[in-house]
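Hello,

Here is the structure we talked about handing over. Please open it first, then read my notes below.

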Number of protein chains: 2
Amino acid sequence: MKEMEISFSEMARRARQTEIIKILARSSKIPDFISFAIGIPAPETVPVETLKKIADEILEREGLRALQYSDTKGNIQKTLVDFLSKDNIRTQEDEIVVTTGAIQGTFLATLALCDPEDIIVSEFPVYPINLQTFRMHVRKIIPVSMDEEGMIVDELVEKVNSLDKKPKFIYTIPDFQNPSGITMSLERRKKLVEFALEKGIFILEDTPYRYMRYEGERLPSLKELGGDIVIHVNSFSKTISTGLRVGYVVAPRELAEKMVSIKQGADFSTPLLNQLMISYFLEKGLWEEQMERIRKIHTSRLRAVLKALKEHFPEEVTWTEPKGGTFIWVTLPGGTDIRALLDKALENKVGFVPSSDFYLPEIERDYPPAMRLNFPYYGEEKIDEGIKRLAKALRETLG
Amino acid sequence: MKEMEISFSEMARRARQTEIIKILARSSKIPDFISFAIGIPAPETVPVETLKKIADEILEREGLRALQYSDTKGNIQKTLVDFLSKDNIRTQEDEIVVTTGAIQGTFLATLALCDPEDIIVSEFPVYPINLQTFRMHVRKIIPVSMDEEGMIVDELVEKVNSLDKKPKFIYTIPDFQNPSGITMSLERRKKLVEFALEKGIFILEDTPYRYMRYEGERLPSLKELGGDIVIHVNSFSKTISTGLRVGYVVAPRELAEKMVSIKQGADFSTPLLNQLMISYFLEKGLWEEQMERIRKIHTSRLRAVLKALKEHFPEEVTWTEPKGGTFIWVTLPGGTDIRALLDKALENKVGFVPSSDFYLPEIERDYPPAMRLNFPYYGEEKIDEGIKRLAKALRETLG
């Protein structure tokens, strides 16, 4: 059938892989490579031993159940209602859908709400995997810039008011944003929710890093401030295990039900063993301790990266100083060829994700070139060595 | 936000849950209920102890890896290439996508290929979860009837030839079909593949029961006969564990790649721990033994159901006698009110899935009323009791 050309759907024709996967493929064969590319926590924070004991306990106590179908909506809602109440999110079991990672939460919400001619509003730079989901579902994405307080809500208001059609939702990661590391200020949160309520536009609040705060006080979630106008997506990927793929969405009941109908056909259910591993972990009261372990290890690595950047990078380069999460955003002098820099970096055995991956191609030039660095993966020495290599690649590129 | 009406996408508006979920919900509070409704194997065949040991071994040997991200395409392709070769399916690693159950395989293929104005051809009665996926993606589904040899290919040829547009694919479960239990004959398989190749139309071959044969010789898969014209979907749900949600698709490279791009946004990857549990199981050579265990238990339960049907059901009722899988299709006298029968059955503490769930609403009346019975779940005594209750409900309905 080599001669038969496959006729893909419009959605499939717009589906693209992120650069991250290509960078991983290009770098996987380079020995002694230091990667700041993939977004994962310090390996030391994954509670392997604890999860091993928990898996054992589940399979001993309720193995047959754990190895059979879950309800499509999930089976750990009770635990999640309690968990969310500690973050002042008052919800009910039928407003929660357990998903195969936070990524599936955004996917199901987008599929439930958006036809191709619909509009999505998103902060930029933006998490590339969800950007690809949005591009797959709609033809028009309205970009809103960010500053050190997060999404610039005045710009949002102006742009939305000038549209001749109401957008389906406004996408944001308010806490320790991927890729910028920026946290939306309280004032902006209030302003954003007020505008969304006034216009009747959903906010899709993506919060995978929310509980990974290393200093300061937690700010109220948009869900707490906005209630049913907010679709709240989260996962235990960054806080417990990326590989278990357990996340959840809190949404108005009618939307939650629709997402369950779609999920039935999408993967029927999130594996029950994986759901139970998370709920046992929470019910055993191991959460606080786990967040503390992450805070300790990530704080020292964050300091190490910031120190290394200051030592090795030229003065005209700037970067964010996040108070949580796993990302730093390094802004480069205007005109830096970010793709050439990536090539040089790979030659120097170091990796990052270039800003091009976080923008729509048509708006990339409106923003300064930058690098996303995932900081928690390596110990202090490797971090210093990696940043040195990056600085060398940058000098070689700038000439 | 109670006053805000949610504006769903066209796809979401067409998304519906199957009756199965509603039947489960209605019956879950009835004590001493006997359900032939949900499609699961005998609980005794789930290798709980073995999977417990395997999980333990994985988490001991490569726990950190197992709890971190998998590649989006999956990480057990090598094992699957070997596994498939034993069924005469010659394939390569980059033609395989590991999916979160077979359900996700069909979902990704449909999403990759179909716009709303496209056409899908399917045998009827058909597996309701995939029927809902098809309805969500396309406005036109062409039904093809089945007889004891499977999909009636002559009817298919006639219908496809009369269309003014080429369908995107032809959907079939050739082995021990859900819901009918029927297996497509070799002659039909050859005819179907020949037609698909001639027209350049994909066949989506869904094969979750393929290796659950209790008598006779395995027939060649459509994939073996048709190569790249066939998209081959399978899973280990029915054979090892429904809850682990590990399946796979074998597809032409270009389509496999597109499915990986979409899966990236849909759930990023199938949980690696779950994938490894399946691949360890296969690599330890436990497969044959597992199939033999299923064959033994299911055979005696199949006999028990057939015996009970003969003893308790009126003469005008007929049923299929499957040689594998988990379903029997019981055809009732024309005019039997299948929904009234379901109500009566629930009153009599017994459940089944009514034929209405396996047809499009607009074609339901063209087919005789029927029940799908999942036969392997209970031991012989309960089976007899359940069929007695069903017969009573039927007498009460027929009056």
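Predicted model: local features only at pLDDT ≥ 70, side-chain atom pairs only at ≥ 80, totals over all residues.

Which residues of helix α2 of chain A are buried? Helix α2 runs over residues 19-27, and its buried residues are Ile20(A), Ile23(A) and Ser27(A). They span an arc of only 60° around the axis, which means they sit on the same side of α2(A).

Start with Gln132(A). This residue is in helix α6 of chain A. Is Gln132(A) buried or exposed? Gln132(A) counts as buried because its relative accessibility is 8%, and the cut-off for buried is under 20%. Setting aside neighbours within four places in sequence, Gln132(A) contacts Arg16(A), Thr18(A) and Gln264(B). One of these partners, Gln264(B), belongs to chain B.

Next, go to Leu390(A). Helix α14 of chain A, residues 380-398, holds Leu390(A). At 0% relative accessibility, Leu390(A) is also buried. What does Leu390(A) touch, not counting residues up to four places away in sequence? The list is Phe36(A), Phe313(A), Ala345(A), Val350(A), Phe352(A), Met371(A) and Leu373(A). For a sense of distance, take Leu192(A): Leu390(A) is 198 residues from Leu192(A) in sequence, and their C-alpha atoms are 37 Å apart.

**Backbone points**

Most residues other than glycine have a negative phi, and most peptide bonds are trans. Here are some exceptions.

- Asn178(A) and Pro179(A) are joined by a cis peptide bond, with omega about 20°. Pro179(A) is in the loop between β7 (169-172) and α8 (186-199) of chain A.
- Phe124(B) to Pro125(B) is a cis peptide bond too, with omega near 0°. Pro125(B) is in the loop between β3 (119-123) and α6 (128-137) of chain B.
- Lys349(A) is not glycine, yet its phi is positive, near 60°. Lys349(A) lies in the loop between α13 and β13 (350-351) of chain A. Its relative accessible area is 29%, so Lys349(A) is partly exposed.
- Arg245(B) also has a positive phi, near 55°. Its loop runs between β9 (230-235) and β10 (247-250) of chain B. Arg245(B) is buried, because its relative accessible area is 1%.

**Chain A as a whole**

Chain A has 14 helices and 15 strands. Its radius of gyration is 21 Å, close to the 21 Å that the globule rule gives for 399 residues, so chain A is as compact as a globular protein of that length. The C-alpha trace spans about 60 × 60 × 55 Å along its principal axes.

Of the 399 residues in chain A, 67% are buried. Take the contacts between residues at least 6 apart in sequence: 76% of them join residues at least 24 apart. The accessible surface of chain A is about 14700 Å², and carbon and sulfur atoms account for 47% of that. How many charged side chains does chain A have? There are 55 positive and 61 negative ones, and the centres of the two sets are 3 Å apart.

Best wishes

Technical notes
Residues numbered from 1 in each chain as written. Chains lettered and ligands numbered in written order. Heavy atoms only, no water. Helix = DSSP H or I, 4+ residues; strand = E, 2+ residues; numbered from the N terminus. Rg over C-alpha atoms; globule rule 2.2 N^0.38 Å. Buried < 20%, exposed > 50% of the residue type's maximum accessible area, 1.4 Å probe, protein only. Contact = heavy atoms within 4.5 Å. Areas by Shrake-Rupley, 256 points an atom, 1.4 Å probe, with all protein chains shown as cover. Lys, Arg positive; Asp, Glu negative; His and termini not counted. Charge placed at Lys NZ, Arg CZ, Asp CG, Glu CD. Arc of directions from axis to C-beta.
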